[in-house]
Amino acid sequence: KAGVTQTPRYLIKTRGQQVTLSCSPISGHRSVSWYQQTPGQGLQFLFEYFSETQRNKGNFPGRFSGRQFSNSRSEMNVSTLELGDSALYLCASSPGQSTSGYTFGSGTRLTVV
Amino acid sequence: QQQVKQSPQSLIVQKGGISIINCAYENTAFDYFPWYQQFPGKGPALLIAIRPDVSEKKEGRFTISFNKSAKQFSLHIMDSQPGDSATYFCAGGSGGSYIPTFGRGTSLIVHP
């Protein structure tokens, strides 16, 4: 069974640009969540999508947005990049009815210069 | 989201020693308590999980101890190995919440 796939693995962007990250969940999983991870800050929850609808949202500015497609694949977009957006962005998928089966991808390492 | 408080923030253990990481939760609706292990450059991976109907669960060298009345649970790593060096996250979850509530993580270093 394939795991959670995130692309690209690494990305370097310039301040002010925008970026789109992609996440393909485990087959059959309908929920996809996104996290930002920076050194010493743990896992900061961005948002969760279930059946193409944003079901939960963390405390991030509106520059961070996402969407989910009918095949459960999800994308996350960050506009007007700032240096502080440099981080490992993780997505996690689950069947969506509870917190069991929550599985992370390997992440996308975003560097903003 | 209700907090899950994790301690210590960092831990250094000698090879063969016991590593202990503690977590405390507030939300009494939590009914699922997973631990995740994360190596540098990788995403967290489920290590072991427990439900509150048991007080202990063991898988190899990894044991979760659970104290429902104190709302605390802990991860014990017996005979710690350098390959166990990673960041460990505890979490609480429930059927009413679709997203686990994570602790802030513990960076474990096991010296050879």
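Two strands are said to pair when DSSP finds at least two bridges between them. Keep that in mind for the close-up views below, which all come from a predicted model.

**View 1. An open sheet of four strands in chain A.**
Follow the strands across this sheet and you meet them in the order β1-β3-β8-β7 of chain A, with antiparallel pairing. At the edges are β1 (5-7) and β7 (64-68) of chain A, and each of these pairs on one side only. From one strand to the next, the twist averages 20 degrees. As a reminder, strands of a sheet pair through backbone hydrogen bonds, and they can run either parallel or antiparallel.

**View 2. Strands β3 and β8 of chain A, side by side.**
Here we zoom in on one pair from that sheet. Strand β3 (residues 19-24) of chain A meets strand β8 (residues 74-78) of chain A in the antiparallel sense, over five bridges. Which residue of β8(A) stands opposite A:V19? Look for A:V78, which takes that place.

**View 3. An open sheet of five strands in chain B.**
Now turn to chain B, where five strands line up in the order β1-β3-β8-β7-β6, again as an open sheet with antiparallel pairing. Its edge strands are β1 (4-7) and β6 (56-59) of chain B, each pairing on one side only. Ignoring direction, neighbouring strands of this sheet are turned by 15 degrees against each other on average.

**View 4. Strands β7 and β8 of chain B.**
How many bridges link strand β7 and strand β8 of chain B? There are six, and they join residues 62-67 (β7) to residues 72-77 (β8) in the antiparallel sense.

In chain A, the residues A:T7 and A:P8 are joined by a cis peptide bond, with omega at about -10 degrees. You will find A:P8 in the loop between β1 and β2 (10-13) of chain A. In chain B, a cis peptide bond joins B:S7 and B:P8, and omega is about -5 degrees. The loop that holds B:P8 lies between β1 and β2 (10-14) of chain B.

**View 5. A:S51 and its positive phi.**
Although A:S51 is not a glycine, its phi is positive, at about 50 degrees. This residue sits in the loop between β5 (43-50) and β6 (53-57) of chain A.

**View 6. Where chain B meets chain A.**
On the chain B side, 18 residues are in contact with 24 residues of chain A. Together the two chains bury about 1700 Å², and 57% of that is on carbon and sulfur atoms. Which three residues supply more than any other three of the area that chain B buries against chain A? They are B:Y98, B:I99 and B:R104, which supply 35% of it.

**View 7. The second largest pocket.**
This pocket has a volume of about 430 Å³. It is lined by 21 residues, and those closest to its centre are A:Q37, A:P39, A:G40, B:Q38 and B:T87. Strands β9 (86-94) and β11 (106-111) of chain B each give at least two residues to the lining. The largest share, three residues, comes from β9(B). Sorted by class, the lining has 12 polar, six nonpolar and three charged residues.

Conventions. Residues numbered from 1 in each chain as written. Chains lettered and ligands numbered in written order. Predicted model: local features only at pLDDT ≥ 70, side-chain atom pairs only at ≥ 80, totals over all residues. Heavy atoms only, no water. Axes fitted to C-alpha atoms, helices over the stretch in contact; angles between N-to-C directions. 1 Å grid on protein atoms, 1.4 Å probe; cavity = no way out; pocket = protein on both sides within 12 Å on 5 of 7 lines; lining within 4 Å. Points joined across faces, edges and corners; volume = space filled by probe spheres on them. Nonpolar A, V, L, I, M, F, W, Y, C, P; charged D, E, K, R; others polar. Contact = heavy atoms within 4.5 Å. Buried area = accessible area lost by both parts, 1.4 Å probe.
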